[in-house]
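This report examines selected local features of one protein model. The sequence and structure are shown first, and the description follows.

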Amino acid sequence: MGANTTPARAFDNRLGIHALVWSGSWDTDELDRAMGASAELGYDLIEIPRFDPAKVDAKWFRSRLDAHGLDVVITSALAWDADISSADPAIARRGEQMLLGMIDVTSDLGALLLGGILFSALGKYPSGPTAAGRANVVASLAKAGERARSAGLPVALELVNRYESNVLNTVAQGLRMLEDAGSDAISLHLDTYHMNIEETNTADAIRLAGDKLGYFHVGDSHRGYAGTGQIDFDPIFTALVDIGYTGAVTFESFSSEVLDEGLSNDIAIWRNTWTDSRAVAAHAYDFMVERFAAAHARRAMLEGRQID
Ligand code: MN
């Protein structure tokens, strides 16, 4: 648990932190510093957006993860000219190649999971999804599911808000897509920031996802310090405990203090929500440990069990 002073964890979930809390750079010293700081604060995994083996040597990266005792999750998104939700067969085909390539790269890295917007580009679409486009998503995800299964790599679709995709915004839509694509290698990646915008009730939506939940992002309504925004996290952690979710929970936060030229613009990070990476990271770790522990304690009380 590193140098952290919080009590021993009362839960099995791995806790992660998004790399953009530390750095948006592919410089090896910066990446290594981000990994070291994450491990030191007690985190079990670091999430890297849009991992590109052309920018950083995958073997070096894997060896540094091992040295720091960290797991890695890779998240990504498709592109406007490579998009499986397009009705244009050429664009959809390029999207499928991009998605299969991501599965190969992520699996070669020995990552825990591939998540993110794997069914469309990341950005505001000018109009709603088309039937032909959705059919392309179903067909490509079925193939991606086969590739993921043979690679032994879990893949999770991140349900994002309406300004970041027009294909899947809610758990109900995500569950229908999983059924249509028909692969048990693919699950749902939920994020409290997006759910706060799209769901009727975030805790109920987590319960609806149930055992189809594969990865979880903790992000507050302003994407800043955990627990300082408008999201009520206690019912959310209670729901995670209620469904028996034992997967990874990763803190995601963005500030114009730390920028990635592509991603920061795509998700509209225009202002500072914080300036001190280490402070926001340390705070989020304690926040998640405490909220999880409290949710487990409530569950134990309900069941009449003694807790330490
Ligand atoms: Mn997210």
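Which residues form one aromatic cluster? The cluster consists of F11, F233, F237, F287 and F292.

## Basis of the model

The model is predicted: local features need pLDDT of at least 70, side-chain atom pairs count only at pLDDT 80 or more, and totals for chains, interfaces and linings use all residues. Residues are numbered from 1 along each chain as its sequence is written, and side-chain values use heavy atoms, with hydrogens and water left out.

## Aromatic pairs

Nine aromatic pairs are found in a search of the whole structure. Rings of Phe, Tyr and Trp (its six-membered ring) pair if their centres lie within 6.5 Å; planes under 30 degrees apart count as stacked, over 60 as edge-to-face and the rest as tilted. The ring centres of F11 and F292 are 4.6 Å apart and their planes lie at 25°, so this pair is stacked. It links distant parts of the chain, 281 residues apart: F11 belongs to the segment before β1 (15–18), and F292 to helix α10 (residues 277–302). Helices (H or I, at least four residues) and strands (E, at least two) are DSSP runs, numbered from the N terminus. F11 is buried at a relative accessible area of 8%, and F292 is buried at 0%. Here buried means under 20% relative accessible area, exposed over 50%, and partly exposed in between (1.4 Å probe, protein chains only).

The rings of F51 and F61 have centres 5.3 Å apart and planes at 35°, so this pair is tilted. F51 lies in the loop between β2 (45–49) and α2 (58–68) and F61 in helix α2, so the pair ties together parts that are 10 residues apart in sequence. Both F51 and F61 are buried.

D191 lies in strand β6 (residues 186–191) and E252 in the loop between β8 (249–251) and α9 (261–266), so the pair ties together parts that are 61 residues apart in sequence. D191 is buried at 1% relative accessibility, and E252 is buried at 6%.

## Helix α3

Helix α3 (residues 89–108) has 20 residues and reaches 29 Å from its first C-alpha to its last, close to the 28 Å expected at 1.5 Å a residue. The expected span is 1.5 Å times one less than the number of residues. At the N-terminal end, D88 caps α3, with a side-chain oxygen 2.8 Å from the backbone nitrogen of A90. G110, which follows α3, has a positive phi near 70°.

The buried residues of α3 include I91, L99, L100 and I103. The buried residues of this helix pack against β3 (71–78), β4 (113–121), α4 (131–151) and β5 (155–158).

H283 is placed in helix α10 and counts as partly exposed at 30% relative accessibility. Leaving aside neighbours within four places in sequence, H283 is in contact (heavy atoms within 4.5 Å) with Y225 and A226. The C-alpha atoms of H283 and L41 are separated by 9.6 Å, although the two residues are 242 residues apart along the chain.

Definitions and conventions. A polar contact is a pair of N or O atoms within 3.5 Å; within protein, one must be able to donate a hydrogen and the other to accept it, and residues adjacent in sequence count only if both atoms are side-chain atoms.
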